[in-house]
Amino acid sequence: MKIERIELHHISQNLVSPFRTSFGTQVARPCILVAVHSQGLTGWAECVASDDPGYSYETIETAWHILRDFLVPAVLGQNIAAPQEVPAKYGWVRGHPIAKAALENAVWDLHAKARGVPLSQLLGGVRGRVEVGVSIGIQPSVARLVDVVNDFVAQGYRRIKMKIEPGWELEPIAAVRAQHPSIKLMADANSAFSLADADLFRQMDQFNLLMIEQPLHYDDIADHAKLQAQLNTPICLDESIHSPLHARWAIEIGACKIINMKVARVGGLSNAIEIHNMCQAAGIPLWCGGMLETGVGRAANLHLAAMPNFTLPGDISATDRYYIEDIAEPPFVLNTDDSTITVPSGPGIGVEVAPNRLAKYRIRQQSFA
Ligand code: OSB
Ligand code: MG
């Protein structure tokens with residue numbers, strides 16, 4: 001398919017409630033929506049870079065720059081026979097996985113639409129519903145946290161992830177565990193600790209956590225292996241896994257027992273598939289992480305999480321957990337009987353960007369032809 005036109009739409013929407021992690025608080029959630037046009041079809045994807053370089057060094061501004069000046073020119077006007085061809089077009093560009101993933105994933109949606117099949121079918125998806133949970137930010141008090149958790153459990157979520165940071169760890173985890181003795185519970189540190197905190201993490205073994213996510217430095221693999229050797233609770237890596245190479249290193253040295261897959265963090269669906277297959281062969285289960293996506297990114301995540309080795313619940317919550325009004329239609333709802341979300345069955349990502357909402361939330365736009 002010849003890529004005839006590409007558009008970048010910078011939008012921003014307020015979250016229903018502020019989301020606080022060890023690296024900062026998010027009130028609004030900006031993103032860049034990428035649209036690729038060919039043969040009367042439009043492929044969409046979401047660039048999940050944020051306003052600030054808290055989670056990743058990439059920001060909206062760096063992603064806009066890299067897309068506009070390097071990635072879009074490498075793909076525009078090209079005849080792309082399969083989406084797997086996209087990464088090689090800008091293979092010389094180092095880093096910037098979040099920007100790269102947005103462009104590649106838009107081409108995947110385009111190709112799935114051209115074939116008239118859901119994206120999950122191109123990816124070898126095996127399930128129509130994906131088990132999901134909710135990721136809960138750091139709260140002003142333990143009592144407030146317990147209220148928030150109770151509320152999500154009442155809504156039907158059966159896996160709870162809570163954010164931790166130094167000073168907000170054992171006590172809030174103990175409180176949630178006491179209230180919900182058998183719920184799937186996990187903690188995400190977003191790199192806020194060091195190996196000197198090993199004793200703290202050993203104490204977490206008593207809470208029967210599903211996993212501890214990214215306890216140590218965002219670029220570390222080696223110290224995570226040292227920490228994992230001292231814990232019964234599985235360590236899951238998020239921030240540290242930027243590519244299939246990082247996944248292989250982590251598996252080889254025993255730095256984790258689980259990997260959080262974020263397609264943006266690993267540079268696009270081709271790398272995600274490679275990591276998926278490597279982890280499946282190595283007996284490392286995956287789950288789909290989230291970046292507070294709009295319906296566009298969330299839909300793609302659901303298709304990805306339909307792949308066979310996504311055997312743990314994902315950070316893919318219902319639309320109303322994030323936004324009052326989503327840019328994409330229809331909204332995602334939780335299946336309360338089994339804490340799942342249904343993978344869209346229409347062509348491509350299976351959701352539509354609502355033009356009036358795109359216009360309403362748009363900050364800037366650029367078209368390339
Ligand atoms: O570490 O998983 C994370 C959101 C933004 C940046 C990093 C993370 C998160 C989440 C939210 O935990 C997951 C979601 O989208 O629900
Ligand atoms: Mg995380």
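Some housekeeping. Residues are numbered from 1 along each chain as its sequence is written, and chains are lettered from A and ligands numbered from 1 in the order in which they are written. Because the model is predicted, local features need pLDDT of at least 70, side-chain atom pairs count only at pLDDT 80 or more, and totals for chains, interfaces and linings use all residues, while side-chain values use heavy atoms, with hydrogens and water left out.

I begin with the domains. The chain splits into domain 1 (5–116 + 355–368) and domain 2 (121–342), with bounds that come from an automatic or database domain assignment. Their C-alpha centres are 23 Å apart.

How many residues of domain 1 are in contact with domain 2? The count is 36, against 40 residues of domain 2, where contact means heavy atoms within 4.5 Å. The size of an interface is often given as the accessible area lost when the parts come together. Here about 3,200 Å² is buried between domain 1 and domain 2, with 62% of that from carbon and sulfur atoms; buried area is the accessible area (1.4 Å probe) that two parts lose on being put together, summed over both. On the domain 1 side, Arg20, Tyr55 and Arg357 lose the most area to domain 2, together 23% of what that side buries.

Between the two domains there are 4 salt bridges, a salt bridge being a side-chain nitrogen of Lys or Arg within 4 Å of a carboxyl oxygen of Asp or Glu. There are also 18 residue pairs in polar contact between the domains, both residues at pLDDT 80 or more. A polar contact is a pair of N or O atoms within 3.5 Å; within protein, one must be able to donate a hydrogen and the other to accept it, and residues adjacent in sequence count only if both atoms are side-chain atoms.

Strands S1 (5–21), S2 (24–38) and S3 (41–47) and helices H3 (97–115) and H12 (355–361) each supply at least two residues of the side of domain 1 that touches domain 2. Helices (H or I, at least four residues) and strands (E, at least two) are DSSP runs, numbered from the N terminus. H3 gives the largest share of that side, 10 residues.

Next, salt bridges. The count comes to 21. In one of them, Glu61 and Arg364 meet at 2.7 Å, N to O. This pair links distant parts of the chain, with Glu61 in helix H1 (residues 60–75) and Arg364 in strand S15 (residues 362–368), 303 residues apart. Glu61 is partly exposed because its relative accessibility is 49%, and the cut-offs are under 20% relative accessible area for buried, over 50% for exposed, and partly exposed in between (1.4 Å probe, protein chains only). Arg364, at 25%, is also partly exposed.

Arg202 and Asp199 form another bridge, with the closest N and O atoms 3.4 Å apart. They are separated by about one helical turn, because they lie 3 residues apart in helix H7 (residues 198–204). There is also a network of salt bridges linking Arg159, Lys161, Lys163, Asp188, Glu213 and Asp315.

Last, Thr233. Where is Thr233 placed? Thr233 is in the loop between helix H8 (222–228) and strand S9 (235–237). Thr233 counts as buried because its relative accessibility is 4%. Its side chain makes a polar contact with the side chain of Asp205, at 2.5 Å. Leaving aside neighbours within four places in sequence, Thr233 is in contact with Met204, Asp205, Leu209, Met211, Ile212 and Gln228.
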